[in-house]
Amino acid sequence: MQNQEEINRLKNIVQDLLDEAKSQGASAAEAGLSQENGLSVSARLGDVETIEHHCGQGLGITVYFGQHKGSSSTSDLSPASIKEAVSAACSIARYTNADEYSGLPEQERLATEFPDLDLNHSWDLSVEAAIKLAIECENAARSYHAEISNSEGASVNTHQGIHVMGNSLGFLQGYQSTRHSLSCSVLAQRGDSMQRDYWYSVSRNAQNLESAVSIGNKAAERALRRLAGRSLSTRQCPVLYSAEIASGLLSSFIGAISGGNLYRKSSFLLDAIDSQVFPEFVHIHEQPHLIGALGSAAYDGEGVATHERDIVSAGVLRSYVLSTYSARKLGLHSTGNAGGVRNLTIDSGTLDFQGMLKQLGTGLLVTELMGQGVNMVTGDYSRGAAGFWVENGEILYPVEEITIAGNLKDMLKNIVAVGNDVEYRGNVRTGSILVERMSIAGE
Amino acid sequence: MKLLNLVKQAILTPVGIQDGDIEKIMSRLLSSPVDAADIYFQSSHTESWVIEGGIIKEGSYNIEQGAGVRAVSGEKTGFAYSDRIELPVLLEAANNVKSIVRQGQEAQVGLKQAVNWPQYYPIANPLKSLSDQQKIELLRRVDTETRKLDSRIEEVIVSLVSAHESILVANQDGSLAADIRPLVRMNVTVIVEEKGHREQGSMGGGGRSDYSYFIDQDRALEYGKEAVRQALVNLEAEDAPAGNMTVVLGPGWPGILLHEAIGHGLEGDFNRKGTSAFSGRVGERVASDLCTVVDDGTLQGRRGSLSIDDEGTPTEKTVLIENGILKGYMQDKLNARLMGVKSTGNGRRESYASLPMPRMTNTYMLAGQHHPEDIIRSVKKGLYAKNFAGGQVDITSGKFVFSASEAYLIENGKITRAIKGATLIGNGPDVLTKVSMVGNDLELDSGVGTCGKDGQSVPVGVGQPTLKIDGLTVGGTSV
Ligand SMILES: [Zn+2]
């Protein structure tokens with residue numbers, strides 16, 4: 001149930017803000033307002049550790065004087081601060097240069113349909129119940145095995161927010177949404193080897209969260225399986241990205257076809273539209289209207305309508321990821337991606353995780369990546385990794401303190417298979433991804 | 001105290017909160033038998049300007065203010081915050097927070113006279129240190145001068161950011177501590193192209209100062225030169241080798257290795273909980289005897305410096321490792337109390353909306369005896385890492401990684417070819433035991449570091465002299 005009264009109150013503030021901008025001389029303006037409330041409770045070693053009550057708000061405004069732009073934001077919604085924020089944005093616009101590409105979206109691209117995407121499910125959770133849940137989750141992890149030696153605790157989070165945005169073209173919309181999560185992180189120890197790992201579940205509807213016991217058990221299992229890891233000698237071999245980290249590979253790809261990197265020519269996929277970027281079997285699409293999904297929204301950060309669409313089909317790049325500004329810089333139209341992609345999905349093949357291991361044969365299963373070693377300009381990729389060494393489809397032993405390296409352009413082209421072990425927790429939905437060959441560096 | 005009054009005027013006066021109101025909120029917090037409680041008020045003003053494609057493209061101004069209320073009992077913490085600094089809201093927050101412990105009696109708290117502590121930066125508002133017109137002219141000048149440096153330059157992006165933040169902490173003993181924190185930063189990114197091959201270089205700096213910092217010693221123009229130099233080096237760079245080899249780290253920013261590999265593992269919370277690879281190792285050897293590492297919040301005007309931390313504790317120069325022996329951890333109040341030591345002034349928080357934790361300030365290794373040239377000369381085959389893009393650590397397993405943004409091969413005691421895409425990986429507790437030479441050229445970084453922990457970002461500094469490490473894994477593509 002949407003709190004229409006509160007949404008309307010915030011809409012009025014946004015409208016006042018837009019009116020104020022106009023009265024200060026702006027020829028166009030855009031404003032957004034968010035209000036969030038939440039509760040986070042964590043438990044460690046069987047007792048409550050922190051109880052955090054969240055209550056935050058913020059508004060941002062962008063004004064245009066012709067093609068001159070200025071922005072400001074404030075967490076203080078008093079009339080005086082709102083006025084100050086608008087004046088600051090207007091003052092800035094006097095100093096920025098005219099940019100022929102800047103400005104609001106074209107009227108006809110603004111969203112006009114606002115389907116109920118089922119994003120709002122309040123969780124009537126008392127502090128006591130939250131503590132109980134966190135303790136249950138952590139207990140499941142700690143009692144899982146004798147080698148679970150310590151804990152960073154389990155935590156329960158529930159957040160509800162209202163997001164309103166409007167612009168001087170008459171767009172004024174708002175909706176309420178929720179996000180709940182349960183997570184657990186524990187340590188395992190055997191001799192000198194100490195390892196930590198975690199598991200979590202997140203959903204817009206608390207009823208869809210994985211059970212506390214299951215989350216605890218998985219966290220424990222993941223920490224245990226890393227014990228007594230070794231390095232590998234330097235070599236080249238196939239690499240299987242587990243589903244929960246494969247999304248990073250796709251995010252790098254999305255970065256390379258995003259407007260900002262394209263018009264700055266700092267992408268390894270410049271002018272790659274209509275060319276073969278992936279093998280033929282790869283199909284990647286965006287599903288912004290999925291019911292109840294974490295990434296769903298009827299419009300993007302500028303009010304532009306979002307659409308279900310193909311980004312890659314038959315391995316060929318069909319569309320970039322653009323906001324209004326970056327689209328104009330490139331002589332194209334916005335793809336409704338101000339603020340990023342929504343529910344990006346790569347179609348799965350027929351293999352489950354075990355099948356993917358078999359397909360990997362002998363090589364590296366990567367379950368964790370560290371560091372930022374991705375160069376968007378060149379596609380050079382070199383990151384710290386941990387995972388498992390696999391021979392003949394069987395996991396042999398944990399591996400740590402290695403790096404995996406390659407060039408993203410080649411890595412994307414050399415994807416061998418995408419598993420059906422799909423990870424649904426994030427904004428990118430993918431199964432595990434097998435890359436034909438990468439360089440491993442170790443001892 | 002003048003500073004305290006200034007901060008009260010900046011945060012409390014506009015919202016009509018008086019000393020008596022703070023006493024009321026604190027009394028409410030202390031009506032349960034808590035071990036510690038604090039109220040944190042914050043107000044910050046931030047601006048940023050960007051020139052790109054030769055035009056002043058963006059400018060923004062941000063106002064952030066609010067208050068956080070915390071009560072601690074044993075290992076338990078109750079916390080609430082609000083952007084509305086209003087008495088009823090904060091009393092309600094105090095009610096929510098103190099429920100962490102059972103009900104007690106109404107307590108009375110009286111605010112005390114504040115004591116003085118040293119200031120390590122000026123309090124003037126950096127946003128006002130130049131007129132808007134002058135800020136624009138500075139950006140234009142950097143853009144124009146940088147573009148002149150080489151015909152292969154395709155794009156120059158310069159950003160200028162500054163913040164003026166006031167904080168006030170009221171503690172359960174009735175003490176008030178206040179701080180006014182300026183912070184400025186400039187960054188220049190350059191994209192170069194030659195025969196269809198593009199590379200990028202980046203350089204920036206800043207500190208707790210005002211905009212004159214970038215004009216003094218022509219720093220702003222130097223950032224441009226340095227960004228171009230790095231981008232051009234990368235044009236020539238070859239694929240990085242892979243495998244275990246001797247690595248020489250340059251002075252200054254490569255001190256991020258200390259921050260990642262050692263620093264995080266020495267934060268009090270992880271050690272109190274026993275989750276760090278360094279837990280329980282005080283008094284043990286964790287580095288070669290050439291290594292002495294400190295965390296120092298007291299450096300004048302540095303990006304990571306703080307006069308007081310976010311719990312009102314004056315910062316210190318804390319010795320973490322002395323001649324290779326682990327001396328102690330960085331502490332906030334909660335973890336210090338639970339470990340039976342004193343806070344080292346490392347309790348920091350991103351804002352009123354998040355809980356304080358032990359965090360680093362400026363972390364660096366003291367200078368040693370060797371001339372940097374002698375260190376390079378001593379290496380037959382290895383890697384010289386001059387600059388890094390960033391890193392990450394798993395404090396439990398101790399494994400760390402970071403990416404070199406500028407690196408060279410060392411062959412027969414000489415720096416030879418530039419290489420690209422090198423990632424270094426190692427084990428935190430081991431890496432400093434392999435330090436075999438320490439240079440006499442200690443440098444602190446130029447003031448660009450931001451550290452993330454549990455989703456909270458805070459500005460930090462790093463530094464070190466030239467270091468030789470016997471054996472680190474280098475991850476490249478050329479096998
Ligand atoms: Zn850090």
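Contact here means heavy atoms within 4.5 Å. I'm working from a predicted model, so no experimental coordinates are behind these notes.

I started with B:Leu29 and skipped its neighbours within four places in sequence. That leaves contacts with B:Val34, B:Ala37, B:Asp38 and B:Ile39, then B:Val69, B:Arg70 and B:Ala71, and finally B:Ala94, B:Val97 and B:Lys98. B:Leu29 belongs to the largest nonpolar core, which has 63 residues. Along with B:Ile39, B:Phe41 and B:Leu168, B:Leu29 is listed as having the most contacts inside that core. Which element gives the largest share of this core? I looked it up: helix α3 of chain A, residues 127–142, with eight residues. I also noted another core lying apart from this one, with 51 residues, among them A:Cys237, A:Ile254, A:Val312 and A:Leu412.

**Chain B overall**

I counted eleven helices and 23 strands in chain B. The radius of gyration is 24 Å, close to the 23 Å from the globule rule for 479 residues, so chain B is as compact as a globular protein of that length. The C-alpha trace spans about 75 × 55 × 35 Å along its principal axes. Buried residues come to 64% of the chain. For contacts between residues at least 6 apart in sequence, I get 75% joining residues at least 24 apart.

**Two helices of chain B, packed**

Next I checked α4(B), residues 132–147, against α6(B), residues 219–236. Their axes are 9 Å apart and the packing angle is about 35°. The crossing of α4(B) and α6(B) is right-handed. From α4(B) the contact uses B:Leu138, B:Arg141, B:Val142, B:Glu145 and B:Thr146. From α6(B) it uses B:Ala220, B:Leu221, B:Gly224 and B:Val228. By class I have five nonpolar, two polar and two charged residues in this contact. A reminder to myself on spacing: an α-helix has 3.6 residues a turn, so residues three or four places apart point the same way.

**A covered helix**

How many of the eight residues of α7(B) are buried? I find eight of eight for this helix, residues 256–263. The buried set includes B:His259 and B:Glu260, as well as B:Ile256, B:Leu257 and B:Leu258.

A:Ser252 sits in helix α5 of chain A, residues 243–256. Buried or exposed, I asked, for A:Ser252? Its relative accessible area is 11%, under the 20% cut-off, so A:Ser252 is buried. Not counting residues up to four places away in sequence, A:Ser252 touches A:Phe268, A:Val374, A:Met376 and A:Leu408.

A:Ala338 is in the loop between α7 (324–329) and β11 (344–346) of chain A. A:Ala338 is buried too, with a relative accessible area of 11%. Beyond four places in sequence, I list A:Asp300, A:Gly301, A:Glu302, A:Leu322 and A:Ser323 as contacts of A:Ala338. I also took the C-alpha separation of A:Ala338 and A:Phe353: 34 Å, for residues 15 apart along the chain.

**Positive phi outside glycine**

I noted A:Asp274, with phi near 65°. A:Asp274 lies in the loop between α6 (259–263) and β8 (284–286) of chain A, and is exposed at 59% relative accessible area. I also noted B:Asn412, with phi near 50°. B:Asn412 is in the loop between β16 (399–411) and β17 (414–420) of chain B. At 57% relative accessibility, B:Asn412 counts as exposed.

Technical notes: Residues are numbered from 1 along each chain as its sequence is written. Chains are lettered from A and ligands numbered from 1 in the order in which they are written. This is a predicted model: local features need pLDDT of at least 70, side-chain atom pairs count only at pLDDT 80 or more; totals for chains, interfaces and linings use all residues. Side-chain values use heavy atoms; hydrogens and water are left out. Axes are lines fitted to C-alpha atoms, for helices over the stretch in contact, and angles run from 0 to 180 degrees between N-to-C directions. Helices (H or I, at least four residues) and strands (E, at least two) are DSSP runs, numbered from the N terminus. A crossing is left-handed if the near helix is turned anticlockwise from the far one by less than a right angle, and right-handed if clockwise. Ala, Val, Leu, Ile, Met, Phe, Trp, Tyr, Cys and Pro count as nonpolar, Asp, Glu, Lys and Arg as charged, and the others, Gly among them, as polar. A nonpolar core is a set of buried Ala, Val, Leu, Ile, Met, Phe, Trp, Tyr and Cys residues joined through side-chain atoms within 4.5 Å. Buried means under 20% relative accessible area, exposed over 50%, partly exposed in between (1.4 Å probe, protein chains only). The radius of gyration is taken over C-alpha atoms; the globule rule is 2.2 Å times the number of residues to the power 0.38.
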